[in-house]
Amino acid sequence: MRRSILTTASSSPQFPSRQLMAPGRWFSTAPWCLLAAASMVLLGCSDSGQPSSNGAGQAKTADSASQSGQSASETDSQAWTVDSPVDTTSQDKPDAGQLAAGTEAADDDPADDPAGPEDYRTWESPQAVLVVTGNQHGYIEPCGCTGLDRQKGGVARRMTFMTQLKEKGWPLIPIDAGNLIRRIGAQASIKFEQSTNALKQMEYQSVGFGPDDLRLSATDLISYTYADTPEQAMFVSANVTLLDPELLPKFKLAEQGDMVVGVTNVLDPEKVDANNSSDITVDDPVESAQKALDEMNKAGAEFRVLAYFGTEEAAQAVAKKVGGYDLLVVSGGYGEPTYRSLDIEGCDTKMIVTGNKGMYAGLVALKKDASGAVTQTAYSRVPLTHEFKDAPAMRKLMADYQQQLEQLGLDGLGLRPVPHPSGGQFIGSAACAKCHQDAFDVWESSPHAFATESIVEPAEGRGDVARHFDPECISCHVTGWNPQEYYPYESGYLDLTQSSHLTGSGCENCHGPGAAHSAAEQEGSGVSEEQLKALRLAMQLPLDKARDKCMTCHDLDNSPDFHDPDAFEDEYWPQVEH
């Protein structure tokens, strides 16, 4: 079950040819070639989830991350209190964003309940509900490359979902297992800040750290996570220390009515980059989880949650050694959440997984039984589909994020043009038309020609937030950028004013920089016949190599159908054959 992509271009005058935190306390033991699709990595192109396994009901595939990313959804004027979708997502196909090229998908569904996931809308009103998310991995919003109706995730949809639950009168305890970003540099730091702002507006009680978060400096992390008072604290970790152990709580107690839920987060040290700042330490998971458990019990926790960023196997090992946690939340794998919470052999702890890219929210219903003990009564995974309209507050946050990128510019984001590996210079597709008019005509009528326009004025009702200042979007929507590393080449596109000849995903993105070839073909160029042949040969892209070239933008995030057997030869190449 695969899918195809066609980016829709819109007309543009610039292209003439066309808070409050919920009550809580903290405690610490110390005070982005064939169809115009964008990589937009880290902004988040994704549509389904790849099965993951633990031997207790989930199949596992390669632990590989996507090379691409994410952008926004629909207009503020649309109603955003719609009925919630039923979870009909299948588990018989890999997540386009997480299955690496060459990796085979599992043929069978995971050994989950054939009845499918629970529909939380049938629940009786719970006394408290854990809203569980994790591993956003930079996918702050769906980019729309495959169509917003086929992509899940995004904080704007999540906020709408949570607002609907509150309107039902459900008391929420939102927690996130961490890893809000990926990559490094100024844009990653800004994304972490804005992601943190989003979680604060959604009144998250506890947020952990993932290994990509810790690639930021300790100083930056502290500036975004520090709270003036214990009541305002949101970031919680049992084993991560930023400079001083007193700057972060080791756990937190979240209260709803007469129910007290203790939550802590643990990051697997094996997942952490050894080159991280020496100001960041990650302690032993077992000792840290045990200490946090002891302290939260002393403080009156009635239900205990351990959110673990790492593999399911490592997380279960910690849960078994420690014992005493009622719920284990695992993030950091690359699969869909299971339909049911899972038993862990050897202990009483239940386990759920968050999935990746923030595509799902998990709901765990809690109540007090006759003896006064807090118990889990139900679990539901909820896909954050287009049926959840964008929350206006999050649309504004996305606009603020893009405005920050615009204000900083490429220089401010630390992006300097680098020489193209060929050493060549870009000249633009119009120059190619002088000798290759037929090929140019094919290009000009293809979505490739409208690639830049599609981020200046995004389609699908998202034109209120332009994304042509975002390197993670620019990289596959203009000519002369590295599509997977999100930086410009020398003489490549810089902006609409300076580089109007390089808008769209042009000829040179596939064939390479053409300035030398174009100049050599001019009358009186003085170039020898041997040199002419060499330059012409260098510009050729053999058909047997074209597919791989195209996949630098048409990766699994943006064009899952592109990766089907014979899809390139039978479907995609005929659309742009020249």
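Q: What makes the pair of side chains E336 and Y360 a polar contact?
A: The side chains of E336 and Y360 are 3.1 Å apart. A polar contact is a pair of N or O atoms within 3.5 Å, where within protein one atom must be able to donate a hydrogen and the other to accept it, and residues adjacent in sequence count only if both atoms are side-chain atoms. A second polar contact, of 3.5 Å, joins the side chains of E336 and R381. The model is predicted: local features need pLDDT of at least 70 and side-chain atom pairs count only at pLDDT 80 or more, while totals for chains, interfaces and linings use all residues. Residues are numbered from 1 along each chain as its sequence is written, and side-chain values use heavy atoms, with hydrogens and water left out.

Q: Why is E336 called buried?
A: Its relative accessible area is 1%, and buried means under 20%, exposed over 50% and partly exposed in between (1.4 Å probe, protein chains only). E336 is therefore buried. This residue is found in the loop between β10 (327–331) and β11 (342–343). Helices (H or I, at least four residues) and strands (E, at least two) are DSSP runs, numbered from the N terminus; the chain has 15 helices and 16 strands.

Q: Is G185 buried, partly exposed or exposed?
A: G185 has a relative accessible area of 40%, so it is partly exposed. It lies in the loop between β3 (172–176) and α2 (186–201).

Q: Why is the disulfide of C476 and C553 called left-handed?
A: The torsion about the S-S bond is about -95°, so the disulfide is left-handed. C476 lies in helix α10 (residues 471–477) and C553 in the loop between α14 (543–550) and α15 (567–576), so the pair ties together parts that are 77 residues apart in sequence. Both cysteines are buried, C476 at 0% relative accessible area and C553 at 9%.

Q: Why is C435 in no disulfide?
A: The nearest cysteine sulfur, that of C432, is 9.1 Å away. C435 has a relative accessible area of 59%, so it is exposed. C507 is in no disulfide either, with the sulfur of C432 nearest at 4.1 Å.

Q: How many residues line the second largest cavity?
A: The lining has 11 residues, of which E312, V330, G333, V353 and G355 lie nearest the centre of the cavity. Its volume is about 60 Å³.

Note on methods: 1 Å grid on protein atoms, 1.4 Å probe; cavity = no way out; pocket = protein on both sides within 12 Å on 5 of 7 lines; lining within 4 Å. Points joined across faces, edges and corners; volume = space filled by probe spheres on them. Disulfide = S-S within 2.5 Å.
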